[in-house]
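Work through the exercises below with the sequence and the model open. Try each task before reading its solution.

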Amino acid sequence: MPGRSLAAEEQALVDAILEFDEDAVLEQVQRLRSGGKDPLQIVEVARVAMDEVGQRFQTKQLFLTELIMGGELLKSTMRALGFATGTPARAEGAKGKVLLGTVAGDIHDIGKNIVLSLLVANGYDVVDIGVDVPAGRFVEEVRRYRPDVVGMCGLLTVAFDSMKATVDALVGAGLRDEVKVIVGGGAVDQKVCDYVGADAWGPTAADAVAICRKWIG
Ligand code: B12
């Protein structure tokens with residue numbers, strides 16, 4: 001949540017996550033909800049904490065077990081907020097069709113599942129093809145499902161090459177002109193978007209919906 005400092009209740013949620021205290025996390029989430037805070041804003045507060053967990057992991061102040069605990073804690077938070085946490089999922093919606101997956105080599109899916117929940121809530125027909133999805137599988141699913149939009153998620157640096165490989169595979173299969181491609185997750189930015197050859201990227205799940213809305217109504 002760049003550009004603004006956190007309110008006391010938001011900071012309390014960040015602190016509870018950094019202490020890996022699930023009861024306190026759920027209590028703070030409840031408190032923020034009762035105070036009228038939007039679930040998506042709460043996700044972005046939780047993201048501040050997860051960025052810190054990631055930093056501490058990188059600098060070896062935390063270990064893999066704690067990274068896993070952080071992930072589980074975040075999943076409980078998402079469940080408490082009413083977002084989907086499982087894969088794969090299919091929802092029938094009246095608007096356009098979106099194919100969503102985390103690219104090859106990457107299993108991070110918490111953010112992807114928020115994007116999924118939000119698209120479904122906004123009336124889109126979404127097929128979630130899960131995590132660690134090879135380029136060829138994206139191509140197969142585009143052929144089968146004929147989506148308007150392909151959404152790729154990836155948090156690892158190596159995921160950027162997988163995203164590029166997926167776009168290249170769509171070009172190779174003659175399908176690139178039939179779909180719009182959007183990328184997101186963690187460190188994805190405009191540079192990554194250009195590198196992989198996507199049409200757009202979004203910093204948050206809400207952006208994913210806004211961009212799909214612009215493209216397919
Ligand atoms: C939780 C976590 C895990 C969990 C994941 C659980 C799960 N089911 O997803 C576990 C423990 C499994 C894990 C494993 C690993 N992780 Co990890 N992980 C994280 C952590 C702390 C949080 C990620 C997260 O869920 N954030 C919260 C969600 C809500 O944010 P988000 O995904 O960015 O999604 C938001 C937006 O980006 C957007 N969005 C998401 N997807 C999409 C898609 C589209 C199309 C759009 C438009 C928008 C969009 O919407 C969301 C809401 O706004 C990050 C740190 C970080 N800064 O992200 C490290 C991090 C991503 N992990 C990292 C690493 C190194 C690993 C491991 C390699 C560790 C290891 N040694 O095994 C493995 C990799 C496994 C693999 N092959 O993928 C590094 C990656 C470094 C790099 N540059 O490559 C990070 C950055 C930590 C760090 N600083 O070192 N990890």
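**Exercise 1. Into which domains is the protein chain divided, and how far apart do their C-alpha centres lie?**

Solution. The protein chain is divided into domain 1 (8-80) and domain 2 (90-216); these bounds come from an automatic or database domain assignment. Next, take the C-alpha centres: those of domain 1 and domain 2 lie 25 Å apart. Eight residues from domain 1 and seven residues from domain 2 make the contact, where contact means heavy atoms within 4.5 Å.

A note on the model: it is predicted, with local features needing pLDDT of at least 70 and side-chain atom pairs pLDDT 80 or more, while totals for chains, interfaces and linings use all residues. Residues are numbered from 1 along each chain as its sequence is written, and side-chain values use heavy atoms, with hydrogens and water left out.

**Exercise 2. Describe the packing of α1 and α2.**

Solution. Start with the elements: helices (H or I, at least four residues) and strands (E, at least two) are DSSP runs, numbered from the N terminus. Helix α1 covers residues 8-18 and helix α2 covers residues 22-34. Their axes are 8 Å apart, at an angle of about 160°. Axes are lines fitted to C-alpha atoms, for helices over the stretch in contact, and angles run from 0 to 180 degrees between N-to-C directions. Therefore α1 and α2 are roughly antiparallel. The cut-offs are under 35 degrees for roughly parallel, over 145 for roughly antiparallel, 65 to 115 for roughly perpendicular, and oblique for the rest.

Now list the contact. E9, E10, A12, L13, A16 and I17 of α1 meet A24, V25, Q28, V29 and L32 of α2. By class, eight are nonpolar, one is polar and two are charged. Ala, Val, Leu, Ile, Met, Phe, Trp, Tyr, Cys and Pro count as nonpolar, Asp, Glu, Lys and Arg as charged, and the others, Gly among them, as polar.

**Exercise 3. At what angle do the axes of α3 and α4 cross?**

Solution. The axes of helix α3 (residues 39-58) and helix α4 (residues 64-80) cross at roughly 175° and come within 10 Å. That makes α3 roughly antiparallel to α4. From α3, the contact takes V43, A46, M50, V53 and F57; from α4, L64, L67, G70, G71, L74 and M78. The class count is nine nonpolar, two polar and no charged residues.

**Exercise 4. Which residue is the protein donor of the cobalt atom, and where is that residue found?**

Solution. H108 (NE2) is the only protein donor of the ligand's cobalt atom, at 2.3 Å. Donors are N, O and S atoms within 2.8 Å of the metal (3.2 Å for Na, K and Ca); water is not among the atoms, so sites may look incomplete. H108 is in the loop between β2 (97-102) and α5 (110-121).
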